[in-house]
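Subject: Structure for your review

Hello,

Please find the structure we discussed below. My notes on it come after.

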Amino acid sequence: MSHTVGVRQAQKQQSRRALMDAGLRLLEDQNLTSLGVREVTRAAGMSPAGFYRHFRDMADLGVALVEESLASLHVLVRSVLEGRGGAEELIDRTVEIIELHVREHPAHVRFLARERHGGARQVREAIAAELDRFAEEVGAALALQSVSEGWGEAELRMLAELYVGHVVSTAAAFLEAPAGDPGAARRVAATARMQLRLVSLGRRHWKDV
């Protein structure tokens, strides 16, 4: 009996995965609001009825894609902030991680960039909520660093939101860098590092103001 349940659960996860992969592929060229259930299920090799065993509607699929799109980036950036090293080393690792993430997950980054300020309300709200949680995680990591001594909760939140905003904008910049221009990604990385250095410099002298 348990074996049968396990097989059914695996099949359910497989079909959900197929729907999410199909939706993500189709969203590379259009917005979520222009995508229909039939189009997604056709691409996933399923019937429209099968879609509703996993998602209430297209917005629900979009929210699942938001959670997946940001989950791995949360872990990666948090690991950088919790690691050891000087400011320059942390800056270099952060930019490298963002570039690698974009290279490995371009469809996820493109989806977030497109849907963050447009499309379905539920998806916009989900992105905002995930970025808010991201800022909380970053703020908690920043609070443990010695340079944050004497910083208040509001100040740490402000700094965390600066870092999160920088991660998002840098990821979008890497995504938009022309593939045929080998120097484009290097220019994006150089700009991102300079921006982070400016934030780092301001952070070290914030209490002197």
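The notes begin with the protein as a whole and then turn to one residue.

Please keep in mind that this is a predicted model.

Overall fold
The protein has nine helices and zero strands. Along the principal axes, the C-alpha atoms fill a box of roughly 65 × 45 × 30 Å.

Contacts, burial and surface
Of the contacts between residues at least 6 apart in sequence, 65% join residues at least 24 apart. The protein has 209 residues, and 41% of them are buried. Its accessible surface is about 11700 Å², with carbon and sulfur atoms accounting for 54% of that area.

Charges
There are 27 positive and 28 negative charges in the protein. Their mean positions lie 5 Å apart.

I127 sits in helix 7, which covers residues 121–143. Is I127 buried or exposed? I127 counts as buried because its relative accessibility is 3%, and the cut-off for buried is under 20%. Leaving out residues up to four places away in sequence, I127 touches V66, L70, L112, E115 and R116. I127 can also be set against G62: the two are 65 residues apart in sequence, while their C-alpha atoms are 9.8 Å apart in space.

Regards

Definitions and conventions:
Residues are numbered from 1 along each chain as its sequence is written. This is a predicted model: local features need pLDDT of at least 70, side-chain atom pairs count only at pLDDT 80 or more; totals for chains, interfaces and linings use all residues. Side-chain values use heavy atoms; hydrogens and water are left out. Helices (H or I, at least four residues) and strands (E, at least two) are DSSP runs, numbered from the N terminus. Buried means under 20% relative accessible area, exposed over 50%, partly exposed in between (1.4 Å probe, protein chains only). Contact means heavy atoms within 4.5 Å. Accessible areas come from the Shrake-Rupley method with a 1.4 Å probe; for residues, only the protein chains shown count as cover. Lys and Arg count as positive and Asp and Glu as negative; His and the chain ends are not counted. The place of a charge is taken as NZ of Lys, CZ of Arg, CG of Asp or CD of Glu.
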